[in-house]
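Welcome! Let's walk through this structure together with a few questions and answers.

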Amino acid sequence: MTGAFATLIIVVSLAIAAWSTVHLIINRPISRPLRASMLVLTALFIVFAIGGIAQMVTSDRDFARAEFVGYLLLSPMIPVGAWWWVRGDGSRAGSAILLVVTLVMPVLVIRIQQVWAGV
């Protein structure tokens, strides 16, 4: 559950956060590509969840499996929820919502890695 893919998710999420910050600062409505980037982030989390559950099934390590699966299954719903919330929002608040969500997602990846490590 550690490695290049987790790092990729963190980098993509922070890049979207930077993009959202630009939209927030210049007071522009959310662009269609910015909204679509949340679906890309969702797809990355779906792949992360599938990979994490597959690793868990083949592992005999001792860690909080229910918590781990809960994090993995619920994490793709956060960017989808943000996408749904801002899809019709033309205000500056939509950029702020995306900014907050994309700053939370790297923390979530780190927490998933901590559960995997047994912390």
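Q: In which helix is the place of Thr 7?
A: This is a predicted model, where local features need pLDDT of at least 70, side-chain atom pairs count only at pLDDT 80 or more, and totals for chains, interfaces and linings use all residues. Residues are numbered from 1 along each chain as its sequence is written, and side-chain values use heavy atoms, leaving out hydrogens and water. Helices are DSSP runs (H or I, at least four residues), numbered from the N terminus. Thr 7 lies within residues 4-25, which form helix 1.

Q: Is Thr 7 buried, exposed or partly exposed?
A: Buried means under 20% relative accessible area, exposed over 50%, and partly exposed in between (1.4 Å probe, protein chains only). Thr 7 has a relative accessible area of 44%, so Thr 7 is partly exposed.

Q: How is helix 2 oriented relative to helix 3?
A: The axes of helix 2 (residues 32-57) and helix 3 (residues 65-74) cross at roughly 160°; axes are lines fitted to C-alpha atoms, for helices over the stretch in contact, and angles run from 0 to 180 degrees between N-to-C directions. Angles over 145 degrees count as roughly antiparallel, under 35 as roughly parallel, 65 to 115 as roughly perpendicular and the rest as oblique. Helix 2 is therefore, relative to helix 3, roughly antiparallel.

Q: Which residues in helix 3 does helix 2 meet?
A: Contact means heavy atoms within 4.5 Å. From helix 2, Phe 48, Ala 49, Gly 52, Ile 53 and Met 56 take part. Their partners in helix 3 are Arg 65, Phe 68, Val 69, Leu 72 and Leu 73.

Key:
Helix = DSSP H or I, 4+ residues; strand = E, 2+ residues; numbered from the N terminus.
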